[in-house]
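Biologist: I would like a close look at one part of this model, namely the aromatic rings and what surrounds them.

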Amino acid sequence: MNRYCKHFLFLILFMHLLSSNAKAQIDYRMIDFPQAVKLEKLIKILDLAPTDIEAHYWYLNSMGSNLKGIAEQYNKWMKSFPKEAIIPYQLGHYYIDHNDSLARIFLSRALAINPKIPKAWVDLYSISYFKGDDNAESILERGIEANPEDSELMFRYAYRSKTNDPKGFLDMMARIAKKKKIDKYNVRALCLLINESTSYNAKVAIYEDIKNNYLTKEPAEASQAMLSYYLLLLDNDIEKTKYLIYSLLEMKTRPFDWGKLLFLTNSILSAQQLIVKDKPSEALAILKNIEIPYFLKSPILQVHKLKNTALAKLHGNKLAIDSAIYSFIKHPSKPLYDLILDYRDSSLQDSSAISIYVKEKINQNIRKASVFKLKNYLNNDSLTLDSLRGKVVLLSYWYPQCGPCRAEMPYFEQVLNEYNDRNIQYITINIQPNQAGQVINLRRKEQYTFVPLEEIPYRNKGNLDNMGAAPANFIIDKSGNLVFENFFIDAHNKDDLRLMLNLLQ
């Protein structure tokens, strides 16, 4: 090879590296550019690289709700690149929040070109599901047939069978967990297997698997699992929480400050030792100064137990009971209610006497629930809180595409079916008006009984404020008083909801 050829090949290689590096350094946001210039540059990028997903995202983001302009530009690209499935997919994905019918057309077009786009199958399924279509599950089946290794499609399909085919659900979750390609759905499948297991040792084994094999690869999902693992050990083998935290600190995973959990563990152990040494006042001083990390959403039962033990030793069972009742009102759960029973004295021996006493304490802490007047999707009339006087109200903020909201609803329904003659009203407030069309379809498809209301943006919610979050749950008594909040119901704590409802009968 002569030197001119060598020079030419070197030049080609250099230009290739330069163009690759330039693409890696593109700032698609183009914050300093005027809007028109930004759009022009993004169009030029996509003219040259029509499969650049990030460029599509920022182009659509910059165009906002200019549906006409978006349609015109994407029609040009689809004509220029008829075999590029990513173009109709991006347009279909964009239309999901604007026009379901057009979204279906372009997602179907993308899949006709290339059925190996799992996200397109997921989007198409979501549209059909929220429309209430009976064939929604068949879309997932076709998606899995075209993408047999995709965890998300399998996860969604399996989850739909959870109620009707529990064994099949668990088998498919186990298959998802074993897939070689690691993503968040592997971790979610493992967490569901943990939730369904009744064996402490089996739970520990799965958590260890997540820690050792998934934490560095899927830190967001796996870190949440480690918080649940910490709480499991805290209730069953507190010494092992230290070994867990040391491992997490060594792995340097975020987003949580694991050091705060180590401080919590050490504080609990110190308080335990002081109580054993009959030094309840010193133990109480430690317990009162414990700050529960914000990322631990569950009440720490060990802290409440130790605090009550110290109070009982210092001041008698009555003060311990009052402390337990206060904790229960703040974080309603059966384990906290059981603490009340642990410290009952001779005047509160039977369960009815305890119940009466708890109700008296609850009545001392209640406050009038803030009134509302919101549109009822069922009849387009307004519904007010005042019109529900005489009924216990379970109020839940949600929106149709909120996964945790939909996960909680079946358990609400299961418990409320036991109280169908007890004057309890289940109310939901949809906080995403752009999903209003999905509310009735979802309610009908899942045979839910809630009365669906539509949120008014920026209204004053008073003490029924969900702070923009969903799900957010409240229970209001028959006189219109806010009694309980800060709770979430799943397969394992339905007794919490039963307990709260029974106390208000």
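How many aromatic pairs does the structure hold?

Modeller: The structure holds 22 aromatic pairs. Rings of Phe, Tyr and Trp (its six-membered ring) are paired if their centres lie within 6.5 Å; planes under 30 degrees apart are called stacked, over 60 edge-to-face, and the rest tilted. This is a predicted model, in which local features need pLDDT of at least 70 and side-chain atom pairs count only at pLDDT 80 or more, while totals for chains, interfaces and linings use all residues. Residues are numbered from 1 along each chain as its sequence is written, and side-chain values use heavy atoms, with hydrogens and water left out.

One of the pairs is Tyr159 with Phe169: the ring centres are 6.2 Å apart and the planes stand at 80 degrees, so this pair is edge-to-face. Tyr159 belongs to helix 9 (residues 151-160) and Phe169 to helix 10 (residues 166-177), so the contact ties together parts that are ten residues apart in sequence. Helices (H or I, at least four residues) and strands (E, at least two) are DSSP runs, numbered from the N terminus. Phe169 is buried, with a relative accessible area of 2%, whereas Tyr159 counts as partly exposed at 33% relative accessibility. Here buried means under 20% relative accessible area, exposed over 50%, and partly exposed in between (1.4 Å probe, protein chains only).

Phe256 and Phe295 make a tilted pair, 5.0 Å centre to centre with 40 degrees between the planes. This pair links distant parts of the chain, 39 residues apart: Phe256 sits in the loop between helix 14 (238-251) and helix 15 (258-276), and Phe295 in the loop between helix 16 (280-288) and helix 17 (301-315). Phe256 counts as buried because its relative accessibility is 7%, and Phe295 counts as buried at 6%.

Ring pairs also join Trp398, Phe412, Tyr426, Tyr448 and Phe450 into a cluster.

Arg188 lies over the face of Tyr185, at 5.0 Å from the ring centre. The criterion is that NZ of Lys or CZ of Arg is within 6 Å of the ring centre and within 35 degrees of the ring normal.
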